[in-house]
Amino acid sequence: MMKLYVAGGCSEHGRNSFLVSGEHTTVLVDAGKMKEKPDKPFPELSEEVVRKVDYLFLTHSHTDHTGAIGFLKKLGFRGKIVASSATLNLIPELKGYETIALKDRAVPGEEFFLEEDLAVTWGRAGHCVGSVWYSIRAEGRTVLFTGDYEEQSLAYDCDAIRGRRADLAVVDCAYGYEKEDAAEHWEALGAALDNLVHTDRPLLFPVPSHGRGFDVIRLLAERGVETVLTESLIREYQDSTNREFWLKESFTDAVKKLKKRDIQDFRREFETAIAEGKPFPESCRDTAILVRDSQLVKEANRHIAVGVEAMGGRTILTGKQDPASFARKLFNDGAADFFRISVHQNIEEMRRLAGRNHFKKIVPYHCREKLTFPEKEIMVLEPGDSVEI
Ligand SMILES: [Zn+2]
Ligand SMILES: [Zn+2]
């Protein structure tokens, strides 16, 4: 008999971690850290269980999926780590562990064997560079993990999950009851940008690392907007492992046309304007600025936000704001707009995905809302719960 144990990530946001165990199989999918609850940041896993884990599968590099690797290490984790090479290259805590890069074993959609009775199929999940979904087959059962999943990214390629059979699927449902789906979000943001660009006012986009920033770049490139990218974003693009594989060709083509404004020039002009007591340099009107600081934690970026507002410009937020953040404050003060860029699914998108596959049981994850479903195959679980596969 196989079993899924939720160590974290169901009915909460963060510390995603799922244990799949059977007679001779013990694998863990993701080991995340929860920012929201500092008293309970790590998955509910005991030393005894962690020592038994043979493989840790990582879906992608974000902290809510990998931030507990140090915690596992402390509990005596000695297994091997399976992930895309792009993900492996982004996580420093892996030193000393044997790692298995997916692309070295199989192409997307093709099954490979880790053990005689442990087979894996993977594909790109469209969420960020290196993000993947897994289908894991062992002891006569198949469990599918979508990971953080988005089929309609403008930047990241996705090997859409179609026609797959699984006894149980753990499916991204982070947006819960939110009504708009990815297509509607794109439409809203696109329409807003059409009104805001080339109106002689600056726009600021605070974006997270490894995620929505690339989608924003494409939208700006397609609209011919002069764009300032901070050094960290330029590095993120240049350093992405196998970026041609993870990024859409249409994205790469659009980026080639991006009207890039030099960041050093921008900073110089900005600093001069500040020194002269002016809030924002005239020459930086009609410019979009991307900073890799989604919550606007850094003083320098807050400075830019204030300058943008003083010039009649807007700060455009594209994802969740932390309650105590400067980004949220701007939004509450009416100085920022919020247009979501989908990097996850809502309930309807989860249902749609289920309808295109054959999942016997479905476990929604990544949503902090209390969810209820009329369908008896959809199981709402909590950390500490187990279900038979
Ligand atoms: Zn993520
Ligand atoms: Zn996540």
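What is the site of the zinc ion (ligand 2), going by the angles among its four donor atoms? I looked this up before anything else, keeping in mind that this is a predicted model. The angles run from 86 to 163°, and the site comes out as irregular.

**Zinc site**

I listed the protein donors next: D64 (OD), H65 (NE2), D148 (OD) and H366 (NE2), at 2.1 to 2.2 Å from the zinc ion (ligand 2). D64 sits in helix 2 (residues 63–66), while D148 is in the loop between strand 10 (141–145) and strand 11 (165–172), so I noted a link between distant parts of the chain, 84 residues apart. I found both D64 and D148 buried.

**Domains**

For contacts I got 30 residues of domain 1 against 22 residues of domain 2. The buried area between the two domains is about 2,200 Å², and carbon and sulfur atoms give 57% of that.

How many salt bridges are counted between domain 1 and domain 2? I got one. I also looked at K35 and D322, which form a salt bridge with their closest N and O atoms 4.0 Å apart.

**Other salt bridges**

My count comes to 26 salt bridges, and I went through a few of them. R285 and D200 meet at 4.0 Å, N to O. R285 is in the loop between helix 11 (263–275) and strand 15 (287–292), and D200 is in the loop between helix 6 (182–196) and strand 12 (203–207), so this pair ties together parts 85 residues apart in sequence. I have R285 as partly exposed at 27% relative accessible area, and D200 as partly exposed at 41%.

R261 and E226 also pair up, with their closest N and O atoms 3.6 Å apart. Here strand 14 (residues 260–261) holds R261 and strand 13 (residues 226–229) holds E226, 35 residues apart. Buried or exposed? I noted R261 as buried, at 15%, and E226 as partly exposed, at 35%.

Last pair: E382 and K370 meet at 2.9 Å, N to O. Both are in the loop between strand 18 (358–365) and strand 19 (386–388), twelve residues apart. E382 is partly exposed at 37%, whereas K370 counts as exposed at 60%. I also logged a network of E12, R15 and E44, joined by salt bridges that share partners.

Terms used
Residues are numbered from 1 along each chain as its sequence is written. Chains are lettered from A and ligands numbered from 1 in the order in which they are written. This is a predicted model: local features need pLDDT of at least 70, side-chain atom pairs count only at pLDDT 80 or more; totals for chains, interfaces and linings use all residues. Side-chain values use heavy atoms; hydrogens and water are left out. Donors are N, O and S atoms within 2.8 Å of the metal (3.2 Å for Na, K and Ca); water is not among the atoms, so sites may look incomplete. Four donors count as tetrahedral if all angles lie between 85 and 135 degrees; four count as square planar and six as octahedral if opposite donors are over 155 degrees apart and all others between 65 and 115; anything else is irregular. Helices (H or I, at least four residues) and strands (E, at least two) are DSSP runs, numbered from the N terminus. Buried means under 20% relative accessible area, exposed over 50%, partly exposed in between (1.4 Å probe, protein chains only). Contact means heavy atoms within 4.5 Å. Buried area is the accessible area (1.4 Å probe) that two parts lose on being put together, summed over both. A salt bridge is a side-chain nitrogen of Lys or Arg within 4 Å of a carboxyl oxygen of Asp or Glu.
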